[in-house]
Amino acid sequence: MSYYETWMDRSENAVNQQIYVQYINNYYSMEKDAYEKILSAYPENSEYLKGKAVVLSRKLGFDADTMDVFLGFLDGIKSSLKNGDALELETVDDETELDLDIDYEKLYYNMRDAKAQWLFKLPAWKHILSDNQIADITREYRDANIAHAQNIGRNDPCPCGSGKKYKKCCGKNA
């Protein structure tokens, strides 16, 4: 069984709830650590993005027993790669050469879309994206995810979920 198949089996198999929760929490922790390394080293982070899968996984904090979790990390970042279509996760083994060409704005957006606050709120983002870029991406995400209703009163809660009144949030520019 490939690392990717193991990842898919373990991440989607919730037969034993306790083992499943432990596995997913371990994934989240390792994922956060890997992103902290990649983002903190930006722009000189190629040591974490190019090379053999086994070497990159070790540098990012995944060991021999967690290569399947590393494939989960790759599965998560794949849609944020400029070359993501070329990455065939099913065939990745220890010797596979990887070149993770990250589109950082897309990665930030995708983290927001996944509601992964532990990732899009990492302090290292301040070194990569300006406050204006972060605000623009956040606005774009909210605009794309607004629940449209027939009649929203200006004093009604904003449907984007911000907790603000509509007139102070998405209705400000309407």
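**Briefing: contacts and surface features of a predicted chain**

Asp68 and Arg10 are joined by a salt bridge in which the closest N and O atoms are 3.1 Å apart. Asp68 belongs to helix α4 (residues 67-77) and Arg10 to helix α1 (residues 3-12), so this pair ties together parts that are 58 residues apart in sequence. The model is predicted. The points below set out the overall architecture, the charged contacts, the aromatic contacts, the backbone features and the charged surface.

**Overall architecture**

- The chain contains seven helices and two strands.
- In sequence order, these elements follow the pattern α-α-β-α-α-β-α-α-α.
- The C-alpha trace spans about 55 × 40 × 25 Å along its principal axes.
- The chain has 174 residues, of which 39% count as buried.

**Salt bridges**

- Side chains of opposite charge can pair when their charged atoms come close.
- The count for this model comes to four salt bridges, among them the pair of Asp68 and Arg10.
- The two partners of that pair fall into separate accessibility classes: Asp68 is buried because its relative accessible area is 4%, under the 20% limit, whereas Arg10 is partly exposed, with a relative accessible area of 41%.
- Glu95 and Lys52 also meet through their side chains in a salt bridge, at 2.8 Å from N to O.
- Glu95 is placed in the loop between α4 and β2 (97-99) and Lys52 in strand β1 (residues 50-52); the pair therefore ties together parts that are 43 residues apart in sequence.
- Glu95 is partly exposed, with a relative accessible area of 49%, and Lys52 is likewise partly exposed, at 34%.
- A further salt bridge links the side chains of Asp131 and Lys126, with an N to O distance of 3.2 Å.
- Both Asp131 and Lys126 are exposed.

**Aromatic contacts**

- Twelve aromatic pairs are found in a search of the whole structure.
- One of them is formed by Tyr35 and Phe73, a tilted pair with 4.9 Å centre to centre and 55° between the planes.
- Tyr35 is part of helix α2 (residues 17-40) and Phe73 is part of helix α4, so the contact ties together parts that are 38 residues apart in sequence.
- Tyr35 counts as buried at 2% relative accessibility, and Phe73 counts as buried at 1%.
- Phe73 also forms an aromatic pair with Phe70; this pair is stacked, with 6.3 Å centre to centre and 20° between the planes.
- Phe70 and Phe73 are both located in helix α4, three residues apart, which is about one turn of the helix.
- Phe70, like Phe73, is buried.
- An aromatic cluster is formed by Trp7, Tyr23, Tyr27, Tyr28 and Trp118.

**Backbone features**

- Most residues other than glycine have a negative phi, and most peptide bonds are trans.
- A cis peptide bond, with omega of about 5°, joins Tyr42 and Pro43.
- Pro43 is found in the loop between α2 and β1.
- Lys115 has a positive phi of about 55°, although this residue is not a glycine.
- Lys115 is located in the loop between α5 (104-113) and α6 (117-120).

**Positive surface patch**

- Arg142, Arg154, Lys164, Lys165, Lys168 and Lys172 form a positive surface patch.
- Lys168, one of the patch residues, lies in the segment after α7 (131-144).
- Lys168 is exposed because its relative accessible area of 55% is over the 50% limit.

Methods:
Residues numbered from 1 in each chain as written. Predicted model: local features only at pLDDT ≥ 70, side-chain atom pairs only at ≥ 80, totals over all residues. Heavy atoms only, no water. Patch = residues over 30% accessible without salt bridge, like charges linked within 9 Å, V, L, I, M, F, W, Y side chains within 5 Å. Areas by Shrake-Rupley, 256 points an atom, 1.4 Å probe, with all protein chains shown as cover. Lys, Arg positive; Asp, Glu negative; His and termini not counted. Charge placed at Lys NZ, Arg CZ, Asp CG, Glu CD. Helix = DSSP H or I, 4+ residues; strand = E, 2+ residues; numbered from the N terminus. Buried < 20%, exposed > 50% of the residue type's maximum accessible area, 1.4 Å probe, protein only. Phe/Tyr/Trp six-rings, centres within 6.5 Å; stacked < 30°, edge-to-face > 60°.
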